[in-house]
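The sequence and structure are shown first.

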Amino acid sequence: MEKNIILAGVGGQGILSIAFVIDNAALDAGFHFKQAEVHGMAQRGGAVQSNLRYGDSEIYSDIIPTGSADLILSIEPLEVLRYWHFLRPGGWVVTSITPYVNIPDYPETDELLTELAAFDNIVMVDTAHIAKAAGNLRAQNMAAVGAASELLDFSEDQLLGFVEKLFARKGEKMVAVNQRAFKYGRAAGLFFRGLVDGGMPRLAAIKLSAKLAAETIDPEHAGAWAEALGADENKLETVLAEKEAVACDQAAAFA
Amino acid sequence: MKREILLGDEAIGLGAIHSGMSGIYGYPGTPSTEIFEYVQRVTKADGDIHAFWSTNEKVAYEEALGMSWAGKRALVCMKHVGLNVAADAFMNSAVTGTNGGLVLAVADDPGMHSSQNEQDSRFFAQFALIPCFEPRNQQECYDMMFEAFEMSEELSVPVMVRLVTRIAHSRAGVATRDRRPQNELDPSKEIKKWTLLPSNARVQYKHLTDKQPELLRRAEESTHNELRLAGKSGVLVCGLADNYLYENLESDHDLSILSIRQYPLPAGKVRELVDHVDELLVLEDGYPLVENMVRGLFGLVGVRVKGRMTGEIPRTGELNPDIVREALGLPALPTAHAPQTELANRPPALCKGCPHTDSFRALNEALNIFDNPQVFSDIGCYTLAALPPLEAVHSCVAMGASIGMAAGAAHAGYSPAVAAIGDSTFSHGGITPLLSAVQQHVNLNILVLDNSTVGMTGLQRSMSTGQTLDQIILGTGIEEDHFRIIEPTPRNHEANIEVMREELAYDGPSVIVARRACIEALKHGIS
Ligand code: SF4
């Protein structure tokens, strides 16, 4: 077994915190691992990435070869585009849909999300929405790693343990916020996959997910939602037109 | 066995601590900074290792040499271009030799992720006639420190450990050992060895050249230099390039391989390999140093040597597994998605609210009375002002070079000759050119951007900020009327332009200090 992950984002978004959680889980599990990261100039709001590799036999290169990445985990949608040629056939993308706009020529968000949604193996989550619900907008990175956790080789508890270790210094409240973001993110990732597996178009699936109250999202209900809305845009519009966030167990109300 | 997650840089630091180091020296510079920071962090508690940033790499090197003179072990760390600054002390330390172990950890930056060039420090090791280790992974970073210190003490030579960005800034689990106690204070009594008057220096230099056969013998016998003869196609691979090779090889490959991680170049092993193969690919992350040595001026008879000089590997830039794969003649791996074309770039930028933004906005406006004014700049966050939207500076060459270059331009008759330099860069390399310019009464304007910290490399302590900075500047003899202090804020914009215009109009040296703390430093409670 070998897993190659490209962590992507913008300097300051906290991809090294994601790396910390996975590195420690890998070490704890007795895997070999290497994790290359970017320091210096690029950290000032530039595009940053980290190549994280673990497995049960020796890892040679610190850099993931083109065509060898199993997963791109991005806290920012545009940044996926920078790296997805590294993906092996069958590899996955897990990305936030929250744009980080600090450049003049940032593409239209709708176009960007449409382009991403055309990719078969993608999980899209609204990390800003999730992190806010968890109690701190800065916890988007933990929401993202939560959304990807199903594709990693560690139990949820193992990963949550290292989220705790990472934030312990900052007090119990921060630990709780970040663990919540991780859990909501995990649920949102699974929910999104459930919707898509149930036949919902990806763009519709992410729009719906973003409309549901993040703390209520439960992958169990994905089937019901997929059945209730299917590919019917009008029905989706009805949900989106709701004033308040919708609870996840309310699918039947929109059928 | 205990395994810790460490960056290559951190593994160097911990290796040095466990080798019984008594002092670490350096000046911040990507990708070497984390060596020092790690040691500083973990030794804060017990405090028995001297860990205080130096004003520049030359000072750092000399302090380390003094620690060695006193019989204790010292590590000095810097980035590749920092070694240019330290070169005087470095070259001569090879001639004096050491007393306590002296190890230089230097981090090169192939691909120039955060540097002005990609010079290869192995040349410096060869130039100074000292041994060099080149680790390929984090474990070797740690382990080689023990060997490097041992060798330095045993043979009385400084020893280089050469890193590249990709290992400096990559993490892995590292198995650690028990900590060796530090050396006792035991100052050297060999006065002639340390006093490089020509008569002594000749003797010392002879000692150094006499050590060479022993250094070579050790490299030949080193387990870091492994030769595995197989088929007629050979690869000579240095340092971490080894990883890129093995990343691409199946276990049943038939290549003859010589891996090199300890120098001087083990000529005997190279000879064996060359005698065995018809063609030889040389892989090194840096300059084609070994490649050119092996090929020589006229090439090898009967063996085609391939590498950066022959196009199999690009002449410049960082090595990676894809480049090596192609050079090995293997087909590219299939991918799930084609590379994106025309993707919006996301370059780094000054932080929101950075004081430099206000300084340069004012400077741009103050200078707009001139036709196409050029500003000499230096190295720090403020170099980002070269990019849009500010586009306020027009050079970046070497630490402190802004002032020297502005002076030279002024000598040539260029006006206004303006230099912009940060407080830490000023203490590193700006004081001497300022002194020179003031004493010559050159017509130039220097903007010292005092943000009270070393911003770019992660908020290290600046040596000359606030009052210290002012006193140093005044100490050069500059006229007090032409030493101005401004606070770069949006509110002071007009007033700051005024100050700048006044000094631009003055025919002589002037210094304006733009003083406001880096907002990152404020956020972290450092300033
Ligand atoms: S780190 Fe400080 S000096 Fe550097 S860009 Fe940010 S605010 Fe400015």
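## Salt bridges

In this predicted model, four salt bridges are counted between chain A and chain B. One of the pairs is E37(A) with R171(B), whose side chains meet at 2.8 Å, N to O.

Polar contacts across the interface of chain A and chain B come to 23 residue pairs, with both residues at pLDDT 80 or more.

## The chain A side

Five elements of chain A give two or more residues each to the side that touches chain B: α1 (15-28), β2 (32-36), β3 (47-55), α2 (77-83) and β5 (87-96). Sorted by class, this side of chain A holds 21 nonpolar, 14 polar and 12 charged residues.

## Strand pairing between the chains

β2(A) pairs with strand β8 of chain B, residues 170-175. The pairing is antiparallel and runs over three bridges. Within it, R171(B) of β8(B) has Q35(A) opposite. R171(B) is also the partner of E37(A) in the salt bridge at 2.8 Å.

## Extent of the interface

The size of an interface is often given as the accessible area lost when the parts come together. For chain A and chain B, the buried area is about 4,000 Å², and 56% of it lies on carbon and sulfur atoms. Chain A puts 47 residues into the contact and chain B puts in 45 residues.

## Domains of chain B

Chain B has a division into domain 1 (3-210), domain 2 (226-327) and domain 3 (355-523). Taken over C-alpha atoms, the centres of domain 2 and domain 3 of chain B are 47 Å apart.

Technical notes: Residues are numbered from 1 along each chain as its sequence is written. Chains are lettered from A and ligands numbered from 1 in the order in which they are written. This is a predicted model: local features need pLDDT of at least 70, side-chain atom pairs count only at pLDDT 80 or more; totals for chains, interfaces and linings use all residues. Side-chain values use heavy atoms; hydrogens and water are left out. Domain bounds come from an automatic or database domain assignment. Contact means heavy atoms within 4.5 Å. Buried area is the accessible area (1.4 Å probe) that two parts lose on being put together, summed over both. A polar contact is a pair of N or O atoms within 3.5 Å; within protein, one must be able to donate a hydrogen and the other to accept it, and residues adjacent in sequence count only if both atoms are side-chain atoms. Helices (H or I, at least four residues) and strands (E, at least two) are DSSP runs, numbered from the N terminus. Ala, Val, Leu, Ile, Met, Phe, Trp, Tyr, Cys and Pro count as nonpolar, Asp, Glu, Lys and Arg as charged, and the others, Gly among them, as polar. Two strands pair if DSSP finds at least two bridges between them.
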